[in-house]
Amino acid sequence: MTTKLFRNARIVTPQDPGAPLRGADQGKVREIEGGALLCRHGLVDRVGEEAEVREAAKGTEIHEEVDLGGRCVIPGFVDPHTHLCFAARREEEFRLRLEGTPYLEILRRGGGILSSVRSVRSASDEELFETTLGNAMSALEHGTTTVEVKSGYGLDTETELRMLRVIDRLRRETPLDVAATFMGGHAVAEDYRDRPDQFVDLLCGEMIPAVAEQGIARFCDVFCEEGVFSVDQSRRILLAARAAGLELKIHADEVHDLGGAGLAAELGTVSAEHLLAASEPNLEAMAEAGVIAALLPATAYSLRKPYAPGRRMVELGVPVALATDCNPGSCFCESMPFVFGLGVMHMGFSLEEALVASTLNAAYAIGLGHRVGSLDPGKSADFLVLDGSTPAILAYHAGVNPVAEVYKRAEWVA
Ligand SMILES: N=CN[C@@H](CCC(=O)O)C(=O)O
Ligand SMILES: [Zn+2]
């Protein structure tokens, strides 16, 4: 382990007050011209103007100095919502959607998520890992240094556990920090199509206890949506998960305003996802309960839906995070810069608000705010060198990868 000094950078980072930023603070960042970052044992030790950092480092042996050429440095992206563990793409379905078939109609016909369930069940562990690894490495090249990954293409105990083991292998074999989420409540399994409550029984009575016993997931998530799980069924699943020691997330009001955002507030989930159709009173309730909105604009783009009311959420005081939702159906996108750009161009976020949403608040959305998401002393030295001098490059240089270099724990990884 060495001490490294990264210098000649324009550093832009949120400063962590110990909680997600919201309301007027959603865009609060620190900008340091001529900045330097002193890293020790893979952690941030000092950050500030170069002279100040050097002064503080006096007497410390610096093993390596890196000149970052005046480029912009931001914290590594945290992607707090993905389904990137899958076995096969669904290009044909994308074509169907372009031709007008709604996303939920494809699921109702046995395609969509259920088609991914069939391909995951028939893939070997190695095949599943290879595809997952490819998606994760692409995310890393686009600046994601910490990622949440959900199961949910198994829908039976054995395959859900298998997915979670693959996700755990991703954590062990790549530089990424990985948060695992159990999402057996992603759709009603085909065998249970006519008896969804029995599938909920299976989730609560068998799958959740098995996942909790193995300790391989931190969160439990559920798809609360018309034709998938009702608010009551979602509540049952989430309460069983909480009783088993899992933390909660919910896919809420993605297509219809079913009241998922209200359930998130009622249960005090860590985050609520999507929220394209959420009602204003339920968003107010989320603000009151401190639930983080994990917004997924690349999904709105891919589904050709109106974007979630991100600006309004900031006004209401809901802490906002951004994520890719990378999955083979509704949104095949592993690029946080693309998501950042959509947030700025279509959701009314300032550059600083989008930066906080995709770093610090995203870290809090997966319970890792104390370790990653900002360049504060004591946190993991995860940072990106952008191909530009300000974070504007992320939205301005569209359709390409504006991330020039990726460092994880102060090591160059991409
Ligand atoms: N909407 C539910 N789940 C995913 C899509 C999963 C899929 O289509 O495979 C989402 O968040 O968009
Ligand atoms: Zn999702």
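Two residues are in contact if their C-beta atoms, placed from the backbone, lie within 7 Å.

## The model

The model is predicted: local features need pLDDT of at least 70 and side-chain atom pairs count only at pLDDT 80 or more, while totals for chains, interfaces and linings use all residues. Residues are numbered from 1 along each chain as its sequence is written, and chains are lettered from A and ligands numbered from 1 in the order in which they are written.

## Annotated binding site

An unreviewed UniProt entry carries the annotation "binding site" for His-81, His-83, His-251 and Asp-325. Such annotations may be inferred rather than shown by experiment. The four positions are spread over 245 residues of sequence, yet they cluster in space, with a largest C-alpha distance of 12.3 Å.

Is His-251 buried or exposed? A residue is buried if 20 or more other C-beta atoms lie within 10 Å of its own, exposed if 12 or fewer, and partly exposed in between. His-251 has 27 other C-beta atoms within 10 Å, so it is buried. His-251 lies in strand β10 (residues 247-252); strands are DSSP runs of E with at least two residues, and helices are runs of H or I with at least four. Not counting residues up to four places away in sequence, His-251 touches Asp-221, Val-222, Phe-223, Cys-224, Glu-225, Glu-273 and His-274.

Asp-325 sits in the loop between β13 (320-322) and α13 (336-346). Asp-325 is also buried, because 31 other C-beta atoms lie within 10 Å. Leaving aside neighbours within four places in sequence, its contacts include His-81, Thr-82 and Leu-296.

## Helix α9

Why is helix α9 (residues 260-267) largely enclosed by the rest of the structure? The reason is that 6 of its 8 residues are buried. These are Gly-260, Ala-261, Gly-262, Leu-263, Ala-264 and Ala-265. They pack against β9 (219-224), α8 (231-243), β10, β11 (271-274) and α10 (280-289). After α9 comes Gly-268, which has a positive phi near 65°.

## Helices α6 and α7

The axes of α6 (residues 157-173) and α7 (residues 196-214) come within 10 Å and cross at roughly 30°. This makes α6 roughly parallel to α7, a term for angles under 35 degrees; angles over 145 count as roughly antiparallel, 65 to 115 as roughly perpendicular and the rest as oblique.

On the α6 side, the contact is made by Thr-157, Glu-160, Leu-161 and Leu-164. On the α7 side, Glu-206, Met-207, Ala-210, Val-211 and Gln-214 take part.

Definitions and conventions: Axes fitted to C-alpha atoms, helices over the stretch in contact; angles between N-to-C directions.
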